[in-house]
Amino acid sequence: MMKLHWSPRSPYVRKVMVVAHELGLAGQIETVRTVVGGTTPHLELMRENPLGKIPTLVLEDGTILYDSPVICEYLDTLHGGEKLFPTGSEHWTARRRLALGDGMLDVALAWLGERFRPAERQSAPHMALWETKLRSCVDALEHEALEGRLTIGHIAIGIALSYLDFRFGELAWREGHPKLAAWHEVFDARPSVVANPPIDDR
Ligand SMILES: N[C@@H](CCC(=O)N[C@@H](CS)C(=O)NCC(=O)O)C(=O)O
């Protein structure tokens with residue numbers, strides 16, 4: 001078994017788990033609930049991943065892999081079917097979309113962290129900037145042709161939009177984005193996505 005440092009709150013972990021399910025590999029992964037975040041360093045995790053971040057994957061031979069794009073790409077080497085990281089011209093589109101979805105998560109997590117700070121120490125200009133960026137991403141995504149076969153780019157974007165639902169419902173990102181909303185509804189119903197719901201467990 002591989003061991004995955006895991007949390008039901010982490011969208012990066014969720015992306016890895018959706019990939020594992022899509023590829024039929026979920027049964028080969030033991031998930032270990034690992035609590036990170038806040039200001040307390042997770043010293044034990046840091047021995048495996050000096051960044052102290054999840055997801056971190058430990059292979060059977062002790063090899064350690066992070067971050068989530070690296071783990072997803074590794075899992076994609078473990079099967080003989082159609083690849084989530086395509087080759088040829090599709091490769092760069094999938095990669096760029098992966099960067100876009102992950103970038104949205106990076107912005108959303110920065111914003112979420114700011115919200116957890118005492119109100120008097122929160123930076124309104126930063127929060128306004130992060131909101132503008134997320135809205136810009138959703139606007140751009142409305143014009144992405146996301147139809148077609150599933151790639152890692154689709155999974156990253158689908159997970160990022162679901163994370164907006166989970167933590168930033170007030171953004172109401174579907175408003176004015178009917179194509180994207182319709183695409184996401186189908187994504188959200190995939191068994192791999194349904195099997196890995198985000199849960200705020202503390
Ligand atoms: N680029 C990383 C981001 C991972 C990440 O930031 N994970 C969060 C949890 S959602 C984390 O571990 N935060 C703890 C910390 O930054 O100290 C990836 O794609 O895996």
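Biologist: Hi! Before we start, what counts as a pocket here?
Modeller: On a 1 Å grid over the protein atoms alone, a pocket is an open set of points with protein on both sides within 12 Å along at least five of seven lines. Keep in mind that this is a predicted model.

Biologist: Thanks! What volume does the largest pocket have?
Modeller: About 970 Å³. There are 29 residues lining that pocket, and Tyr 12, Val 36, Gly 37, Lys 53 and Leu 109 are the closest to its centre.

Biologist: Which elements give two or more residues to that lining?
Modeller: Helix 1, helix 3, helix 4 (89-115) and helix 6 (152-167) do. Helix 4 has the largest share, with five residues.

Biologist: And how do the lining residues divide by class?
Modeller: Into 12 nonpolar, nine polar and eight charged.

Biologist: Let's switch to the ligand. Where does it sit?
Modeller: The ligand is in the largest pocket. Around it are 13 residues, and the closest are Ser 10, Lys 53, Ile 54, Asp 67 and Ser 68.

Biologist: What classes make up that shell?
Modeller: Seven nonpolar, four polar and two charged residues. Helix 1 (11-22) and helix 3 (68-76) each supply at least two residues of the shell.

Biologist: How much of the ligand does the protein bury?
Modeller: The protein buries 77% of the 510 Å² that the ligand exposes when taken alone.

Key: Residues are numbered from 1 along each chain as its sequence is written. This is a predicted model: local features need pLDDT of at least 70, side-chain atom pairs count only at pLDDT 80 or more; totals for chains, interfaces and linings use all residues. Side-chain values use heavy atoms; hydrogens and water are left out. A residue is near a molecule or strand if one of its heavy atoms lies within 4 Å of it. Accessible areas come from the Shrake-Rupley method with a 1.4 Å probe; for residues, only the protein chains shown count as cover. On a 1 Å grid over the protein atoms alone, a cavity is a set of points where a 1.4 Å probe fits but cannot get out, and a pocket is an open set with protein on both sides within 12 Å along at least five of seven lines; lining residues have an atom within 4 Å of a point. A molecule sits in a cavity or pocket if more than half of its atoms lie within 2 Å of its grid points. Helices (H or I, at least four residues) and strands (E, at least two) are DSSP runs, numbered from the N terminus. Ala, Val, Leu, Ile, Met, Phe, Trp, Tyr, Cys and Pro count as nonpolar, Asp, Glu, Lys and Arg as charged, and the others, Gly among them, as polar. Grid points are joined across faces, edges and corners, and a volume is the space filled by probe spheres set on the points.
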